[in-house]
Amino acid sequence: MIPVTTLSGKKVALFGLGGSGFATARALKLGGAEVTAWDDNPDSVTKAAAEGIHTADLRTIDWSAQSLFVLSPGVPLTHPKPHWTVDLARAAGVDVVGDVQLFVRERRAHAPDCPFIAITGTNGKSTTTALIAHILKSSGRDTQLGGNIGTAVLTLDPPKDGRFYVVECSSYQIDLAPTVNPSAGILLNLTPDHLDRHGTMQHYADIKERLVAGSDVAIIGVDDSHCQMIADRIERAGGKVMRISRRHALPYGIYADGTKLIQASGGATKSIADLDGIQTLRGSHNAQNAAAALAACLAVGVSEEEIRAGLASFPGLKHRMQPVGRRGNVVFVNDSKATNADAAAPALSSYDRIYWIAGGLPKAGGITSLTGFFPRIAKAYLIGEAAAEFAATLGEAVPYEISGTLERAVAHAAADAEKDESGPLAVLLSPACASFDQYKNFEVRGDAFVSHVAALDGITMLIDSATGDK
């Protein structure tokens, strides 16, 4: 836990007592702040009160006495309209921030030189975050991993010299962190997302830009026009920019040439690493993730040799293109985190012949955007509510069956793949759907897939089937 000492003795209002909000309230109290917390969920308020956190309806407090208002990132700040607490805070002239901003203040106060790598982007940020943390940890560095990846940032160990922080930041968190200043800030890419919370694509891009604009080194993927313009703006303003690309050779920066990661500077190029044979970093999207990780690790003093070793030993992100088992020439891959068609595309692009398990609670657009990958699919096994819709889209282009359940889909896909002698094969769970029709969340769905794979005869598991770890 990071005690928020910079607010010691000051009154702080807080709204949102979910996972990160509850952790923030505890960190504020531990640091000596006088916290008043509230939530729309009475159970969350009761839980906080039982922990000794002062709770009160924020409509009843004296806002003029508050030094700061801390808002949980899941609560609307601007769109579709500001939450009522935001209106009250602004009317009283009280700044509105989130937990990442509190972390930034504590680092600045206690260990401003400790390395801090922050990662954002529409796609790939969790894999990149996990990869950077793995490289740092495997090289023996004291590494703290948190943020949007699932560990509240204020639950990490307190900042001190020599301690490395790797923090995934969503657009919501950046919007609540006005002075975020990483040692290395990464912006991977930008495509339309969360526009219900940000209003326009331009506003969404402006928020993402803030993270890299405040960085000592701005590492920016320049394969889309929004990020290209952001890189150019920061460079014109005098900022240090390291461009990365998975599609194009760059005159200065780090780019992918097939599986090789190339560093270019002043007309000279050098191959830094090769991803060939690293199953957890297959595909051009992972080449971009690895290029970003390489650039960030170099920026904070990690050697090329340490980076190459970390890349080679990366176990992958659970539920994201995670090889979990093997039988003969068939690899079983858990990509349960692919909850829409765009998220399923990277996995479908990474294997040449696929026995595809898809379906669940469908998203708008279904799988029509994936037709370019249909020639790679030997057969599809459709589950959940989306089965009939997906079957209609596949039509005569792809052989399919409506398996109904994940257990049946795994058994049938494994049996069919075992008979296929055409070369390396993948039984791939990449649902392109939410899980909520059959499972609590994508993690539970992915764990079920691992269990069903582990139960097959003759399987060599590549991970611990109980923990999901390599």
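Trainee: How many helices and strands are there in the protein?

Mentor: There are 15 helices and 20 strands; helices (H or I, at least four residues) and strands (E, at least two) are DSSP runs, numbered from the N terminus. This is a predicted model, where local features need pLDDT of at least 70 and side-chain atom pairs count only at pLDDT 80 or more, while totals for chains, interfaces and linings use all residues. Residues are numbered from 1 along each chain as its sequence is written, and side-chain values use heavy atoms, with hydrogens and water left out.

Trainee: Why is the pair of F15 and W84 called edge-to-face?

Mentor: Rings of Phe, Tyr and Trp (its six-membered ring) pair if their centres lie within 6.5 Å; planes under 30 degrees apart count as stacked, over 60 as edge-to-face and the rest as tilted. By this rule the count comes to five aromatic pairs. The ring centres of F15 and W84 are 5.9 Å apart and their planes are at 70 degrees, so this pair is edge-to-face. F15 belongs to strand β1 (residues 11-15) and W84 to helix α3 (residues 84-91), so the pair ties together parts 69 residues apart in sequence.

Trainee: How do you know whether F15 is buried or exposed?

Mentor: Buried means under 20% relative accessible area, exposed over 50%, partly exposed in between (1.4 Å probe, protein chains only). F15 has 3% relative accessibility, so F15 counts as buried. W84, with a relative accessible area of 22%, is partly exposed.

Trainee: Why is the pair of Y355 and Y381 called tilted?

Mentor: Their ring centres are 6.5 Å apart and their planes are at 35 degrees, so the pair is tilted. Y355 lies in strand β16 (residues 354-359) and Y381 in strand β17 (residues 377-383), so parts 26 residues apart in sequence are tied together. Both Y355 and Y381 are buried.

Trainee: What sits over the ring of W84?

Mentor: That is the charged end of R59, 3.8 Å from the ring centre. The rule asks for NZ of Lys or CZ of Arg within 6 Å of the ring centre and within 35 degrees of the ring normal. Likewise, the charged end of K47 sits over the ring of F22, 4.7 Å from its centre.

Trainee: Which residues are buried in helix α2?

Mentor: In α2 (residues 42-50), S44, V45 and A48 are buried. They cover an arc of only 100 degrees around the axis, which puts them on the same side of α2; the arc is that of the directions from the helix axis to the C-beta atoms. The face turned away from that buried side carries the exposed residues P42, D43, T46, K47 and A50.

Trainee: Why does D420 count as buried?

Mentor: D420 has 10% relative accessibility, so D420 counts as buried. D420 lies in the loop between α14 (406-419) and β19 (425-429).

Trainee: Which residues is D420 in contact with, leaving aside its neighbours within four places in sequence?

Mentor: They are N329, R353, Y355 and L425, where contact means heavy atoms within 4.5 Å.
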